[in-house]
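Please read the following note with the sequence and the model open beside it.

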Protein chains: 6
Amino acid sequence: MIRLKKPFNGYISCDKELKDANTVLFGVPYDGTTSYRPGARFGPKSIRNESFGIESYSIYQDKDLEDANVFDYGDLDIPVSQASKVIKEVKDFTSKLLLSGKTPIMIGGEHLISLGAVKALAEKHPNLTLIHFDAHADLREDYLGEKLSHACVIRRCIELSSQILVYQFCIRSADKQEVNYAKENIQVNMQKYNFENLGNILNKIADSPIYLTIDLDCLDPSVLPGTGTPEPGGVSFKELREAVTMVASQGKVVGADIVELNPMCDHSGVSTIVAAKLLRELLLALNK
Amino acid sequence: MIRLKKPFNGYISCDKELKDANTVLFGVPYDGTTSYRPGARFGPKSIRNESFGIESYSIYQDKDLEDANVFDYGDLDIPVSQASKVIKEVKDFTSKLLLSGKTPIMIGGEHLISLGAVKALAEKHPNLTLIHFDAHADLREDYLGEKLSHACVIRRCIELSSQILVYQFCIRSADKQEVNYAKENIQVNMQKYNFENLGNILNKIADSPIYLTIDLDCLDPSVLPGTGTPEPGGVSFKELREAVTMVASQGKVVGADIVELNPMCDHSGVSTIVAAKLLRELLLALNK
Amino acid sequence: MIRLKKPFNGYISCDKELKDANTVLFGVPYDGTTSYRPGARFGPKSIRNESFGIESYSIYQDKDLEDANVFDYGDLDIPVSQASKVIKEVKDFTSKLLLSGKTPIMIGGEHLISLGAVKALAEKHPNLTLIHFDAHADLREDYLGEKLSHACVIRRCIELSSQILVYQFCIRSADKQEVNYAKENIQVNMQKYNFENLGNILNKIADSPIYLTIDLDCLDPSVLPGTGTPEPGGVSFKELREAVTMVASQGKVVGADIVELNPMCDHSGVSTIVAAKLLRELLLALNK
Amino acid sequence: MIRLKKPFNGYISCDKELKDANTVLFGVPYDGTTSYRPGARFGPKSIRNESFGIESYSIYQDKDLEDANVFDYGDLDIPVSQASKVIKEVKDFTSKLLLSGKTPIMIGGEHLISLGAVKALAEKHPNLTLIHFDAHADLREDYLGEKLSHACVIRRCIELSSQILVYQFCIRSADKQEVNYAKENIQVNMQKYNFENLGNILNKIADSPIYLTIDLDCLDPSVLPGTGTPEPGGVSFKELREAVTMVASQGKVVGADIVELNPMCDHSGVSTIVAAKLLRELLLALNK
Amino acid sequence: MIRLKKPFNGYISCDKELKDANTVLFGVPYDGTTSYRPGARFGPKSIRNESFGIESYSIYQDKDLEDANVFDYGDLDIPVSQASKVIKEVKDFTSKLLLSGKTPIMIGGEHLISLGAVKALAEKHPNLTLIHFDAHADLREDYLGEKLSHACVIRRCIELSSQILVYQFCIRSADKQEVNYAKENIQVNMQKYNFENLGNILNKIADSPIYLTIDLDCLDPSVLPGTGTPEPGGVSFKELREAVTMVASQGKVVGADIVELNPMCDHSGVSTIVAAKLLRELLLALNK
Amino acid sequence: MIRLKKPFNGYISCDKELKDANTVLFGVPYDGTTSYRPGARFGPKSIRNESFGIESYSIYQDKDLEDANVFDYGDLDIPVSQASKVIKEVKDFTSKLLLSGKTPIMIGGEHLISLGAVKALAEKHPNLTLIHFDAHADLREDYLGEKLSHACVIRRCIELSSQILVYQFCIRSADKQEVNYAKENIQVNMQKYNFENLGNILNKIADSPIYLTIDLDCLDPSVLPGTGTPEPGGVSFKELREAVTMVASQGKVVGADIVELNPMCDHSGVSTIVAAKLLRELLLALNK
């Protein structure tokens, strides 16, 4: 007889039963507001496909994804080009996960999708704190007239509630208005270039529910060329890995995302591997 | 003294004065509804940049673009992600050109932009005939729920007026509904795979105003790999060049476009050269 | 509630139940004897991943894969580097399929895997006829001392039984010994360069069970650069598509394979689309 | 004991002794006047490196390079950037070969190098006939002020002697001045687009010594994207192979070259294979 | 009416009037003496094209190019292959800029072009100091017999006048003769590998007019793979950005260049972005 | 007369006579057990081809390969797909070199080939110490059932003799079993992530014969994307260069290899240059 195979095609080792899972991974293949180089829509599929190129075990944390209860749902079905509908889909799905007691981990896709997840989480946790790793401030009022743009996503998050606080790290690109907005708005705390003070901040916000949003372009383009808007002068893989592990281990993370991998700009395939390995470290650090 | 250079950066030899020009070339860097591989937004810029790699003179037609009155306007300023606004921009600009007595020639960008140009032309010429070169029928009612999609653009054009006729050539990909729609709708005439009967049809519609819309994926992917949705089994460059020249020389062409070049999928650069050369042949054939 | 998605990741529309299927598709991600450019191991995965870029409906045949009973099993689990074990795995799996009354359709991987399928089929059909589309004769006695090599696969098939006949098409590369072997061995019929006489031959062997093995490098490298040993001077997509349809429609095909797609050499992605579309045409033509 | 290997790194099977060879192959890694995309300097090395990917035996001609007396000299040592010195080096080396009774076969590099070889040959054969396969006429008086440019090479050859005749084939790009020059100059015979009349012309010039110069961009860019100035609308590999074989078999060829392969634009590697295979067919056809 | 667009295609925000500009940017698309991988000719065009991918505002310096009086002249018209003519064109143009009181900022192209600019500046400032960032010493007497070569450019500059001093940084490739020449020649001061002592040196030469020449291959190839002669072991983007800013802010810079970007080796596009961002930082730091 | 050129095509300056050489370089173009991305078979050829892009002189060590007695043998003739035969070929060749008093330096190819060299060396030096630079522990008992796999190579080396000691550096990927094996087996000393303690260890093992095996993926993928199994978080070129120099200068190195360069994943060509430069530093440091 032919033995049927379990047709699993998700991220390595995230093949646990949904009902048992405490963490649910899902992808949002959207890049509709990308302003420079599109292709982030292929991010989730690439991360899953190439995840078999790394181990499920982390030598850094001495933990194995085989031992973690993570379920990979696959990608949400979303429209190609309407930002507001995409945000709504993400929000609704995230809300369902929260209702079921699951921690949502989202992979993009472009950065605008974070707004959907933050909407759902801010309803549950009005005092949500955003930890934001990015090369770009994403604090524009609008981008070429559009308010729902990857370049405005953090500002849109802040506008959800005056209780939301944002701690930005690695920022090295913005326009003057964004810098001024960050200075004048007490909700925003901008750390330029690197992760300085991350430890202190985590101590300070010890009891706050945290949403960690990682735009992969916080990495230097030498480490991750495969992103839509590469910005020279970023952090190393080691710095990002340690920062992610620190937040996920020490903080009270209630949701997270990894966005802006663009496989169309990743000819060597190395950027996808970087994203896949970072996701493993995030999932393991959350699995306390 | 430093001699100032004329800062021309348009398509080769299309540097005539706007007021003298009988033909106006413009680009629409939009790919917001692309369903498979995005990047057609970079089409107009690439075609202009690489046009210096070909001659302004055509040995096929024994004509030179230097002797043609074509003005390259550059690209329209359009929003990144809202299809309806893009179509409106294209329509308004095309209408202005028509009011000034100019023939509009548009370079894409994805195929949906043709709807904007056809709207403007159909207002002026209610009995407009569309000559449509494409691998795909583009006759869907909607695509994943979206009616303004590249996959539906010809159907949207047909719906503008019951007087509009469409002659499709080179079609080799569709779903069953599109094929049935084409059979049942008297406005649509589908020629599969190649340009058979093009000569007869041009004779038949001799007095009709023609809009020629060229989706470059009618070419075989060996000739033009650089497109969003390559479809094996297409025509050769020679076949397309001859068909374009025939339509533009014999027909009463009131507008035209060349769409769906995707430079992000054109690693060898050859697809861009194909598009640039085809545009030259089109412009020269229109310049009677 | 979160609605669970069917985690299908196979070739488009080949998601029927195994028990209902009359045709079973499976992949063999092996390229261990590749002598020039390795990477065919990624062929099956790429074909499946990119199959969503084409339609399930064929305008050529007016048939839809949605209406065909094909089950995509996924890839066999095979060792990385031992040819004889891989051939045994393929043979055993094929035999199981035949026992269940399923038609086996295999995607490679390199050409040596055909030997496994032919072994199984020749046991059931001692008078098997091989229809072989390829740029290379694959008739070597050995290749650098190895007898289990992609360069010897057809010779190994012939040696299975003196009843087996081979009809080769599109051959344009061989060494002198192979050419002489073909001339002197009555089991081999070599048609150089193209598909001439294919119709006559199909008539002649009307009642014989046929195994159709398609090495994609029979195509010209302009059409399919993504293969391990590209050989200039091949056939067009149209020629191959028509030949495949003819064999599958008119002949009594009891098994088939499509091998030697190498995604590592397919930077434009077009070769994978060619393979995916050809597979659709094969499956539809077999579905009488 | 360690057995020393013959450190041969030339084109396949061209490892005969210089003194026995009737044909000498040599490379000229020069691209100093390339106007669009440089990189042809890497042509000779790539052709040699990849020649192990094809057979030494030709199924078309039923001949084997193992049986031909060809010696691969390697590359000439030339300056990087001074055209006149390069031409002199090529001329001097070619003259030495002629003195030794060897037939020179040169691989480029850019097209200007042909001038060096033609100079040497025209000294020996004042009634030399050039058979010229190319997309471009190369008949300019000068290119941006330079007279020693790839775009002027055939004109410079014609100017060497009023006895020299040129038969051009496949031409599809020129400026108006070149076309007029060709019409008015009795030394030039231009066949546009393809190889029509090649047979008749070979008959007509049966006794003339022929220099065959093959600019690989006569091929369609789908077949050979890897060239500095790709020009859509060219011939197929089959057409070129047959034309080369016809000239070399029927004509009295006293020298030949294959130029303008640009490996930097050949990401799939297929262009290099095309050049390597064409060279084999040329060498075999010359080996009567 | 159709509103005419200002046909600006220069580097972001460098669209001020020439007469008002204190700084003039110009490109020299020359790579005629490149010895390894050519293509630097496309550097200026690529930097301009991709400059829209970065901000005009620098978060490092809190300055905006919108507020700087920089005019982008475009590229000089230069011959393709004659080094001495190119150097003369660059020298003449630079002299004109100096006469008009403009600071010249040149983008290459290969490193030899610096000789033209230094000639003009050394006429005006006989005590010119060269600050030279590079992986290679460029101190050869000649390169394969050519004295006008990128590999000799600094030696040629030194020979212009015995008053000229050179401070080299990041050097990690040279031959023994160059190292000895540097040791024995009091005009040359070589700092290997990095920017150590840059601050001290700037203090020491506080009143000297400085020409800053930046060969981008001083960067590590991981940061900038897109260069003709990559040399592992270079500095990071951060180190180079800080060094450039330090020289431009503290020194009396009378001219500068950024050379050796090679877009043909920049498949990910990241190298071009690095060059574009560095140019912004240089222009802003000069704008005191 | 035509002056015959010495047909040297080896690694720069390694053209000394075999009999005079104290060091022999050889390549093993094997990648038969590669589990993820194949192509390392092209490593030796690429390193040689591109070695002309670097100097033979090292500014770091102030030594020149011209002054070293190294002979480049070229590549071993090996079967494509049978691991055990390849290992035997490597072992036999290495033994011959040792008999002749030559130091063997091998370039791969995949890591499994090290087993062949270590077998030969361990016969001569039973107390051999392995210095192992790698991202992966390579300590598996078997990999998907195969014991002769790149993923098990160090374990296989250890099993040769209980006297063999292994010092691993830069390890950042393993499964739990490998980590445990390393902890429990006194032959293995694993240094994670970097080269910490390398100096101390060299002092400790001062008199032991050392085999240095360098898997290039110990480097960060930003530095070397061109490898089969890239693993983010590796060391810099500077760190690796210094470590290699330290081992080769201070240790009693009796053999060494550099493996796992994969040119098929090295689109920018930079990885090959990294490997070529590292090889130069190794050869020079060994040349005391």
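This is a predicted model: local features need pLDDT of at least 70, side-chain atom pairs count only at pLDDT 80 or more; totals for chains, interfaces and linings use all residues.

1. Residues are numbered from 1 along each chain as its sequence is written, chains are lettered from A and ligands numbered from 1 in the order in which they are written, and side-chain values use heavy atoms, with hydrogens and water left out.

2. Between chain F and chain C, the contact (heavy atoms within 4.5 Å) draws 19 residues from chain F and 19 residues from chain C. The area buried between these two chains is about 1600 Å², of which carbon and sulfur atoms give 53%; buried area here is the accessible area (1.4 Å probe) that two parts lose on being put together, summed over both. Of the area that chain F buries against chain C, 31% comes from Ser81(F), Glu146(F) and Met264(F), more than from any other three residues.

3. How many salt bridges are counted between chain F and chain C? The count is 0, where a salt bridge is a side-chain nitrogen of Lys or Arg within 4 Å of a carboxyl oxygen of Asp or Glu. On the side of chain F that touches chain C, the residues divide into 7 nonpolar, 8 polar and 4 charged, with Ala, Val, Leu, Ile, Met, Phe, Trp, Tyr, Cys and Pro taken as nonpolar, Asp, Glu, Lys and Arg as charged, and the others, Gly among them, as polar.

4. For chain D and chain E, the contact involves 19 residues from chain D and 20 residues from chain E, and the two chains bury about 1600 Å² between them, 53% of it on carbon and sulfur atoms. Ser81(D), Glu146(D) and Met264(D) supply 31% of the area that chain D buries against chain E, more than any other three residues. Across this interface the rule finds 0 salt bridges.

5. In helix H5 of chain E (residues 176–184), Glu178(E), Val179(E), Tyr181(E) and Ala182(E) are buried, that is, under 20% relative accessible area, whereas exposed means over 50% and partly exposed in between (1.4 Å probe, protein chains only). Helices (H or I, at least four residues) and strands (E, at least two) are DSSP runs, numbered from the N terminus.

6. Which residues lie on the other side of H5(E) and are exposed? They are Gln177(E), Lys183(E) and Glu184(E). The buried residues of H5(E) pack against helix H4 (153–158) and strand S8 (188–192) of chain E, together with strand S2 (57–58) of chain F.

7. No contact joins chain A and chain D, whose closest C-alpha atoms lie 12 Å apart; chain C and chain E likewise have no contact, with their closest C-alpha atoms 12 Å apart.
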